[in-house]
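Colleague: Could you take a close look at how the helices pair up in this one? I'd like the geometry first, then who touches whom.

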Amino acid sequence: MLITRSPARIQVAFSILLLFSVRFLLADTTQANAFLQQGRVDDAAASLREILAANLGNGQAHQLLCRIYYAQDMADNAIHECQLAVSDDPNNSEDQMWLGRAYGFKASHANPLSALSLAVKVRVAFERAAQLDPENIQALNDLGEFYVEAPGLIGGGLDKAQALATRMQPHFPSQAHRLLALIAEKKKEDAIAESEFSNAVTAGKTSDAYIDLGHFYQRHHQSDKMVGALQSGIASDRRKGPALVDAASILTDAHCSPELAENLLRTYLSSSGKTDDAPAFKVHVQLGDLLAHHGDSAAAHREYAAALALASNYAPARKAMQGS
């Protein structure tokens with residue numbers, strides 16, 4: 001006897017199949033993102049290409065691939081993938097933010113004429129990201145920095161930065177004070193800038209706020225205050241995340257406490273707080289450069305090799321390896 005399924009049973013079966021397919025794709029994207037946070041960009045890219053082979057319209061996969069290229073300083077590839085992500089979901093604030101960052105990286109390495117046209121695209125993307133999600137604090141920070149640094153010709157301006165800081169104040173007081181500090185520093189009002197960076201620390205007590213204050217002191221050659229602020233930031237970062245790398249970079253630029261900088265980089269690399277804000281392969285290269293500077297070429301070579309094991313196409317690691 002021929003048994004036929006009812007339309008209702010077919011619909012239920014299809015719904016279950018669709019649910020499992022969606023969960024499978026999300027799980028794969030989650031795994032790729034985990035690889036990215038760990039700095040394993042080769043593994044992340046391989047996983048994402050499998051996902052996109054099955055579903056070319058997966059916007060989240062395109063965004064993650066954009067971030068992989070961005071982390072490796074591959075501006076054109078990053079822009080292409082973020083454009084695909086935005087095309088798939090034009091109302092996604094994070095996609096717009098990463099597209100703006102990719103344009104910004106390319107602009108920073110372009111000739112002046114090309115940089116101007118790219119900078120306009122940066123502004124449009126950041127403004128769109130902030131409009132789509134007023135709670136996207138990373139996008140707000142990016143937009144504020146653009147307004148401070150960019151000339152009015154391409155949509156920058158301290159008046160716009162001031163207005164944005166006012167908008168941010170009720171929900172993001174620490175970041176608002178940081179933006180006010182950047183505005184004051186741009187205007188050469190260093191006393192006001194220091195006060196606002198300190199206000200950001202008071203409002204947030206975050207490691208990032210302490211690091212920003214330390215960076216201000218480094219720019220103004222106040223070593224003792226710099227070290228004090230950085231140490232407070234390090235102590236407040238229980239996750240041992242990217243703030244440690246920022247602190248190490250500031251110390252290195254200031255030619256101060258190289259042993260502490262090396263220890264911070266090692267602590268970060270061994271922690272569970274790694275993110276693509278400070279890609280692990282870049283930190284291996286940074287640590288390798290420190291070691292090479294101090295004459296430990298064998299240890300430096302090991303760090304460059306560790307970087308290439310995570311990101312085999314990362315050009316600075318390849319160059320460093322050849323010279324080590």
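**Helix pairing up close**

Modeller: Start with helix α8 (residues 158-168) and helix α9 (residues 173-186): their axes come within 8 Å and cross at roughly 160°. Keep in mind that this is a predicted model. Angles over 145 degrees count as roughly antiparallel, so that's the label α8 and α9 get relative to each other. As for handedness, α8 and α9 make a left-handed crossing. On the α8 side, the residues involved are Leu-158, Ala-161, Gln-162, Leu-164, Ala-165 and Met-168. They meet Pro-173, Gln-175, Ala-176, Leu-179, Leu-180, Ile-183 and Lys-186 of α9. Sorted by class, that α8 and α9 contact has 10 nonpolar residues, 2 polar and 1 charged.

Now for the other pair. Helix α3 (residues 59-71) packs against helix α4 (residues 75-88) with the axes 8 Å apart, at an angle of about 160°. α3 and α4 are therefore roughly antiparallel to each other, and α3 goes past α4 in a left-handed crossing. From α3, the contact draws on Gly-59, His-62, Gln-63, Leu-65, Cys-66, Tyr-69 and Tyr-70. α4 brings Asn-77, Ala-78, Glu-81, Cys-82, Leu-84, Ala-85 and Asp-88. The class tally for α3 with α4 comes to 8 nonpolar, 4 polar and 2 charged residues.

How values were computed: Residues numbered from 1 in each chain as written. Predicted model: local features only at pLDDT ≥ 70, side-chain atom pairs only at ≥ 80, totals over all residues. Heavy atoms only, no water. Axes fitted to C-alpha atoms, helices over the stretch in contact; angles between N-to-C directions. Helix = DSSP H or I, 4+ residues; strand = E, 2+ residues; numbered from the N terminus. Parallel < 35°, antiparallel > 145°, perpendicular 65-115°, else oblique. Left-handed = near helix turned anticlockwise from the far one by under 90°. Contact = heavy atoms within 4.5 Å. Nonpolar A, V, L, I, M, F, W, Y, C, P; charged D, E, K, R; others polar.
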